[in-house]
Amino acid sequence: MGLFTKIRDGLRKTRDSVIKGMQRLLHSFTKIDEELFEQLEETMIMGDMGAETAMQICDILRDRVKERGITDPNDIMGLIQEIVAEMMGEDTPLDLSTKPSVILVIGVNGAGKTTTIGKLCHQLKNEGKQVLVAAADTFRAAAIDQLAVWTDRAGVSLVRHAEGSDPAAVVYDAVVAAKARGCDVVICDTAGRLHNKKNLMQELAKINRIIDREAEGCAKECLLVLDATTGQNAVNQARLFQEVAPITGIVLTKLDGTAKGGIVISICNELKIPVKLIGVGESIDDLQPFDSKSFIDALFDTDTERDDTEEAASAAEAQPVTENDDVLTEPETLPAEEAVSQEEPFAEEHQSLEAADEIASDASENQAEEAAETSAEDIPAEEEPKKHGIFGFFKRKK
């Protein structure tokens, strides 16, 4: 499965909810007016593009409709795709230009940090890089064991301390070990934290100082992992983390399980933080580098289902017919004599069935007469029919 196919399948829910919703709205209008723009803006907000981004898209859309003299509402969809592409900007890949390069992974609990690290290790290992992971999430129960499973699966080394140890000490040992072993990348897992936890934010600042001191001059990435299913809450998290941490990129996970993929546009436009990795599945190779062009093409690819149906139909037509295939053919025309001979057995069978019905009906009539005579003989003449009610009971008792 190619990269575009994975992204397209991962964005299916967002495409069906947001893009097709905008298309249905545009098809319901016969002219372009202010009501159309207002409903279009509302549809974008419902698709988690964010109020600020939706308003900005519609403002630009109004200007371009006037500039180009567009009067058909169905032509607006192409303009929206064009505006979104401009907002996304150019892609910014991971900076792994030095040896070692350090990647610090932060985010709230449950966003998918540990899973992202495991998938990223697998991806970098396949590129021929030597990776070392620092298990600096020493507070969450079984976090180190979970990370150990992922690193074993990816085939990379892990630096770990006991639970409850100082996370900064783990990062220090990992950076020193990576320099001694000649590793290409050091990935540091951190505990889940919120922006309003002052002690955790101070700890994060301490980890940053150690990295800057021990890996001075090395390329450094600070990746914020966000859960796409949380919608605008993820955007708010990014905005608040940006105030206390030098975020260089976003990792958007669980993009395949939500209809809120519009937050990618909101993050790139409002926060000016590049999205560097996206998760479009649960497999170990489903963490993909973000490609804005592929993302936009997949998001606006509303003819996917029709194309898949046409491909399946053409493949069925192109498949050769073999001797074992069940093929419907027209019945052969038989000569008159053969047709009569073919009908004779059926005629005899029909006559025998009619005869059997007559015999069965006669037998049933005879049985009915015999049953009537027998029932009449069995009833004594003196016996009177039973009378119902209390008076009949006393009369029989006398």
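User: What makes helix H11 (residues 263-271) largely enclosed by the rest of the structure?

Analyst: In this predicted model, nine of the nine residues of H11 are buried, so the helix is largely enclosed. Buried means under 20% relative accessible area, with a 1.4 Å probe and protein chains only. A helix here is a DSSP run of H or I, at least four residues, numbered from the N terminus.

User: Which residues of H11 are buried?

Analyst: They are Ile263, Val264, Ile265, Ser266, Ile267, Cys268, Asn269, Glu270 and Leu271. Lys272 follows H11, with a positive phi near 60°.

User: Why are H2 and H3 called roughly antiparallel?

Analyst: The axes of H2 (residues 12-27) and H3 (residues 34-46) cross at roughly 165° and come within 10 Å. Axes are lines fitted to C-alpha atoms over the stretch in contact, with angles from 0 to 180 degrees between N-to-C directions. Angles over 145 degrees count as roughly antiparallel. H2 and H3 are therefore roughly antiparallel.

User: Which residues of H2 and H3 meet?

Analyst: Val18, Gly21, Met22, Leu25 and Leu26 in H2 meet Leu36, Gln39, Leu40, Thr43 and Met44 in H3. Contact means heavy atoms within 4.5 Å. By class, this contact has seven nonpolar, three polar and no charged residues. Val, Leu and Met count as nonpolar, and Gly is among the polar ones.

Conventions:
Residues are numbered from 1 along each chain as its sequence is written. This is a predicted model: local features need pLDDT of at least 70, side-chain atom pairs count only at pLDDT 80 or more; totals for chains, interfaces and linings use all residues. Side-chain values use heavy atoms; hydrogens and water are left out. Helices (H or I, at least four residues) and strands (E, at least two) are DSSP runs, numbered from the N terminus. Angles under 35 degrees count as roughly parallel, over 145 as roughly antiparallel, 65 to 115 as roughly perpendicular and the rest as oblique. Buried means under 20% relative accessible area, exposed over 50%, partly exposed in between (1.4 Å probe, protein chains only).
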